Amino acid sequence: MGETLRKPGYLKALVFSAIIGVPVSLVAFWFLGAVHELEHLIWSSWPGAAGWARPPWWWPLPLAVVPAVAVVLAVRYLPGQGGHVPAAGHLGGASKAALPGVVLAALCCLPFGVVLGPESPLIALGGGLALFFRDLVRAPATRAGTALLGAAGSAAAISAIFGNPLVGAILLIEGAGLGGPQLFAVMLPVLLAGGVGSIVFTGFGHWTGVKTGSLTLQLPPPPRLDTGDVVWSLLMGVALGVALHYVTGLGRRIAVAVVPRPGPVIAASAAGMAVCVALYSVATGRSPAEAALSGQSTLAKLAQDPHSWPVAALVAVLAFKGVAYALCLGSLRGGPIFPSLFLGGAAGVLLAPLPGFGVVPAMAAGMAASSAAVLRLPVSSVVLVALLVGHVDALPVIMLAAVAAFVTVELMPQGPKVPPFQGS
């Protein structure tokens, strides 16, 4: 490593990566700001101006026209086809030429109710902008340099969306497959043994009162994990792995069907998504926004006041948002992470009343299991959920649920693969 650090080319790449982080981060900031403002305008300001306290049940139906038309146009006429197809199973990337299509598709999908998040467009935007700035200053373009700068630009763009730059870095490293299959072969036993070891140390320490000298911080203690938390977390990891395997499998089948007939399939998927969101509102009498969009803001509200959600609403949002998510994964544009986190969190709240289960470990285990099942990135899922939850004592169930879901999904039939050119 010392020899690599002494190479002038590598040092120049490090300096350039630090420099491009500034403009890339600024562009990503304004992109996310535009998505947020459009979402607030469409789902809050416009209904309020029309005299409704919340959007009516039919609100998502006309909105679905916008993402359907935009994605069809991007697929047919723009380089890069509007960016990464979420059902492809990774977070994707983009070239310079694909940037206009990525931005157009994202701005016409994310605020208009599409059940996807902003992370894949951000990764594409950051990587493409880094290469654009490289060519702007006429820096040498090599294969290794292109990969390095693309990853650096993507990391700069995505660092803010998760609230911690560490999550973005680990996500990109694990998602790039730098360690190959050996990475997962090593990390799964490490995560599993680490989770079990933490449970044993915690439980044995409380029982005996003996201190082991482990590194700890004096933080207010969360509710202590017990046997019920562990058992239910493992079972929920398996159950969510199976359920989300079929959700992503439906998304892949839709993505394959888009190739020969993009117009009809994308239009039908967008319409189906809107119908699912509207049916949720009709069935529950609640806002259709809860089943639409990425679920980021709704997840925060769910975590703050889980008891405000009756069982019927939780079952309905899991069913209708789950189907809408599958339709969006295969046909529209955005990222898969935030909706999967919401579905896992909602499943955790639904199952929290089980004997010996608590709301915090249930939500933590649910989010870890769902993100690991969708992304197939167990380490990233553990780090992401651990930072979101903020409770160190919840780490064991987070790790166990993520491993259980990942192994379950990997052992099931994988179904069709999305053609590679769709994500280019």
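pLDDT is the predictor's confidence in each residue, from 0 to 100. The model open in the viewer is predicted. Colour the chain by pLDDT to begin: the average is 81, and 77% of the residues score at least 70.

Helix H3, residues 60-63, has the highest mean pLDDT among the elements of the chain, at 97. Helix H9, residues 180-208, has the lowest, at 46. Then select residues 190-221, over which pLDDT stays under 50. For this stretch the model has 22 contacts beyond four places in sequence. Where pLDDT is low, the predicted coordinates should not be read in detail.

Now show helix H10 (residues 227-258) together with helix H17 (residues 395-411). Their axes come within 8 Å and cross at roughly 35°, and the crossing is right-handed. To see the contact, display side chains on both helices. H10 contributes Asp229, Val230, Ser233, Leu234, Gly237, Val238, Gly241, Val242 and His245. From H17 come Val397, Leu400, Ala401, Ala404, Ala405, Thr408 and Val409. Ten residues of this contact are nonpolar, five are polar and one is charged.

Last, centre on Arg286, in the loop between helix H11 (262-284) and helix H12 (296-304). Is Arg286 buried or exposed? Its relative accessible area is 17%, and the cut-off for buried is under 20%, so Arg286 counts as buried. Select what surrounds this residue: leaving aside neighbours within four places in sequence, Arg286 is in contact with Arg54, Tyr280, Ser281, Ser308, Trp309, Pro310 and Ala313.

Methods: Residues are numbered from 1 along each chain as its sequence is written. This is a predicted model: local features need pLDDT of at least 70, side-chain atom pairs count only at pLDDT 80 or more; totals for chains, interfaces and linings use all residues. Side-chain values use heavy atoms; hydrogens and water are left out. Axes are lines fitted to C-alpha atoms, for helices over the stretch in contact, and angles run from 0 to 180 degrees between N-to-C directions. Helices (H or I, at least four residues) and strands (E, at least two) are DSSP runs, numbered from the N terminus. A crossing is left-handed if the near helix is turned anticlockwise from the far one by less than a right angle, and right-handed if clockwise. Contact means heavy atoms within 4.5 Å. Ala, Val, Leu, Ile, Met, Phe, Trp, Tyr, Cys and Pro count as nonpolar, Asp, Glu, Lys and Arg as charged, and the others, Gly among them, as polar. Buried means under 20% relative accessible area, exposed over 50%, partly exposed in between (1.4 Å probe, protein chains only).
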